Amino acid sequence: MRAVVDRYQGPVSTDSCVELFFTPGADQQNGYFNIEMNCGGTTLFRHQHGRGIRRREVTVEDGRLLEPAHTLPSRVDPELPGPVTWLVSYRVPFQVLERYAPVERPGPGVSWRANLYKCGDATSHPHWLAWSPVDVPAPDFHRPEFFGTLRFEA
């Protein structure tokens, strides 16, 4: 477990990190959001159309509206060895998303495209995991063509 990045929009994927990439609707032409959070609660929050393509940083003020929560200290250095259980959480207000892209709010029959990731690029044991498989030779999570489908019922 490692958390050394401590500034908003910093490279949190180098730490022990979880990520949510999603399109708030079925149309991938509108781009996707990526929310990345290290185990210490530091966040990166962007909207883009591909790796670095038409990338737009979500402002610090809007990022604070996620109200992140985490079970580990903000900084974990030196790295903690062995298995460690940790949790992070946040909420994503629709009004924040709507400032950056069209949003189809969840309801019966609505689908979003998404993927969930776990990574730790610069940890002592670099690792990458995806909920929906990403079929490329090297880890690259900025691949919306591999996002799975989230179907809302209510």
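Because the model is predicted, local features need pLDDT of at least 70 and side-chain atom pairs count only at pLDDT 80 or more, while totals for chains, interfaces and linings use all residues; side-chain values use heavy atoms, without hydrogens or water.

**Stop 1: the largest pocket**

Select Ser13, Glu19, Glu36, Arg51 and His142. Among the 21 residues lining the largest pocket, these lie nearest its centre. (On a 1 Å grid over the protein atoms alone, a pocket is an open set of points where a 1.4 Å probe fits, with protein on both sides within 12 Å along at least five of seven lines; lining residues have an atom within 4 Å of a point.)

Now colour strand S1 (17–23), strand S2 (32–38) and strand S3 (43–48): each gives the lining at least two residues. (Strands are DSSP runs of E, at least two residues long, numbered from the N terminus.) The largest share, 3 residues, comes from S3.

**Stop 2: Thr123**

Next, move to the loop between strand S7 (111–119) and strand S8 (128–130), where you will find Thr123.

Show its side chain, which reaches the backbone oxygen of Gly120 at 3.0 Å and that of His125 at 3.1 Å.

How values were computed. Residues numbered from 1 in each chain as written. Helix = DSSP H or I, 4+ residues; strand = E, 2+ residues; numbered from the N terminus. Polar contact = N/O pair within 3.5 Å; in protein donor to acceptor, adjacent residues only side chain to side chain.
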